[in-house]
Amino acid sequence: MASITLDGLAHAYRPDPRGPQDYALKEINHVWRQGGAYALLGPSGCGKTTLLNIISGLVIPTRGRILFDDRDVTRLPTEARNIAQVFQFPVVYDTMTVRENLAFPLKNRKMPREAIARRVEEIASRLDLTSVLDRKASNLTADAKQKISLGRGLVREDVAAILFDEPLTVIDPHLKWQLRSSLKELHRALDLTMIYVTHDQTEALTFADTVVVMHDGAVVQTGTPEELFERPAHTFVGHFIGSPGMNVLPARVAGRTAHVGDVAIALDRGYAALPAGERIELGVRPEFATLAAPGTGLPVKVTRIEDIGRARIARIEISGNPAAAMVPEDLSLDGDSAGLTLDPRQIHIYADGVLVPGEAAGREGDA
Amino acid sequence: MDKPVNNAAWLLVAPVFLIVAFSAILPIMTVVNYSVQDTFGNNQFFWNGLGWFQELLDPTTELGGRFLDALWRNLLFSAIILAIEVPLGILVALSMPRDGWKVAATLVIMALPLLIPWNVVGTIWQVFARADIGLGGWAINALGIDYNYTGDPLAAWITIVVMDVWHWTSLVALLCYAGLKSIPDAYYQAARIDGASRWAIFTTIQLPKMKRVLLIAVLLRFMDSFMIYTEPFVLTGGGPGNATTFLSIDLVKIALGQFDLGKAAAMSLVYNLIVLALCWVFYTVMTNAGTERRHEENPA
């Protein structure tokens, strides 16, 4: 059991990295608390698997250190770290039974036979594998195989953290949900650090207490699902999380007013000292933008209304910039012009993609 | 399910039937015809019934004795080269590079012996192993070992086995390499995390994943070595004495050397039946293993 500290970690796959473009993983400083449930979220190719492989020791980083508690493990081989990993595609040893599969890591570590048998039974019952213990692992379904992979990590009592590399990719949709909730249950019961890599925001947000969003080799935000939703630190997070993603509109900001095209939007916070020369954008989630009758709020043009079942979403244009907004149930529109009301506290200003805090005494906390 | 009956369909099968008749059935029937007759030349044939077959399968007769000897030699030869080439091929495959320019280089070098025609292989080794002018034979004698494959049966056997290993180990290695390449990296990573030793990785991951290609390799090498002709014929001509006379060499000796068409025909039919029977055994084993594998690989 340990907390895992990443200290100035960076990795490039080519041996002589020159500029930042050569780094698959840009510098990261992060502490994974003991017992936390983390998700590492990002699109394919953002470096999340690289980071995972560095933690498990399959890849040695170009720069920086990894600490398990205070022990430097940066150059320790995988088998010497107390790490288990579940891969995207189920890995089971074909020729062995489920029982032998679960016993394999312990057998390799020369544990006494009775202790192995006891531990295997215990983990099998936790994972609902008791009934298939004596069957060949190769004949089982993908979700059972994934449980075996997980079980091979859990049997080791010294395991500090379990890493999941998109473990539900090959699982049928109706079993995904089931497997994910049993993972959560295990996490609560076993006090293990779990790091779950995924590109699926639903998986990340339902599994994790803390979500680490990665983009282009760098961490862009670390926070609870609520924080990511209500206060995206980067326009990428706004886009990537939420469906549909955040509306990001080019804007000119002066004091407490933003101008999108020729439409003026009142802001809750003041932005006196915006860096000059940078791309200024205004971000607001569709959930905090509500369509209204023409004449109310900001004038917008409606291009299309989508019914997504539990709500209706309008595709609109604000001074020619595309955006999305919620449509109240009782609203009916003639023609394509409408009004738009925004929740001013949920409007964020970004400079070159990065959130600018703004000045609003005492309002910072409830955003 | 009802099958539609349409007699006109036979017309469509007819061309294939004709080709097979002329290319396979008629030649075989000629052999069957010879096998029940005896000839003393002049194109005169005498009816002999099953006489040749009785002689062939009775080891106390001259024909039966040499047939059995040659059969044992063949089986021994196949067993030896399988026992060497399969483990050696696996070993070579395991030590071949997994990526980079070395892969292409290794593959080309490995494929070279496979591209050389059989009789050229025989000639190369005939010269190479000669004690007087051959580099290999000369070197061995220079080391103080008395080596002469034209006079010593053991030396002849060793030379033929080494030649076959040189010629065909690449095939086993390349097949195994293909099997190894198809193992996803995650298996090796998982094994490292599980603390598996090098040997455990081999027995629990690599060998099971190579099972299918290994079966193919064993089948190919067995059938090929069981029917071997050209290389030992060029190298030793079946000698010294009859030490390296395999079935196919003996067959040619009887048919074209002694012009005993009846004996040779009977012998080739029995030889053919043995090959077919062994083929069937391998085929059955392989298809059974195949269905098992398909079941295992079912991802759902």
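Which residues of chain B does the UniProt annotation "domain: ABC transmembrane type-1" cover? That annotation, from an unreviewed entry, covers residues 71–282 of chain B, with UniProt positions given in the numbering used here and with the caution that annotations may be inferred rather than shown by experiment. The model is predicted, so local features need pLDDT of at least 70 and side-chain atom pairs count only at pLDDT 80 or more, whereas totals for chains, interfaces and linings use all residues. Residues are numbered from 1 along each chain as its sequence is written, and chains are lettered from A in the order in which they are written.

Over residues 71–282, chain B is 78% helix and 0% strand, helices (H or I, at least four residues) and strands (E, at least two) being DSSP runs numbered from the N terminus.

Within chain B, helix α4 (residues 101–115) packs against helix α7 (residues 153–181) at an angle of about 130°, with the axes 8 Å apart; axes are lines fitted to C-alpha atoms over the stretch in contact, and angles run from 0 to 180 degrees between N-to-C directions. The contact (C-beta atoms, placed from the backbone, within 7 Å) involves M110(B), A111(B), P113(B) and L114(B) of α4(B), and α7(B) contributes residues including W166(B), H167(B) and S170(B).

Turning to the two chains together, 24 residues of chain A are in contact with 19 residues of chain B. On the chain A side, the elements giving two or more residues are β6 (83–86), α2 (98–108) and α4 (142–154).
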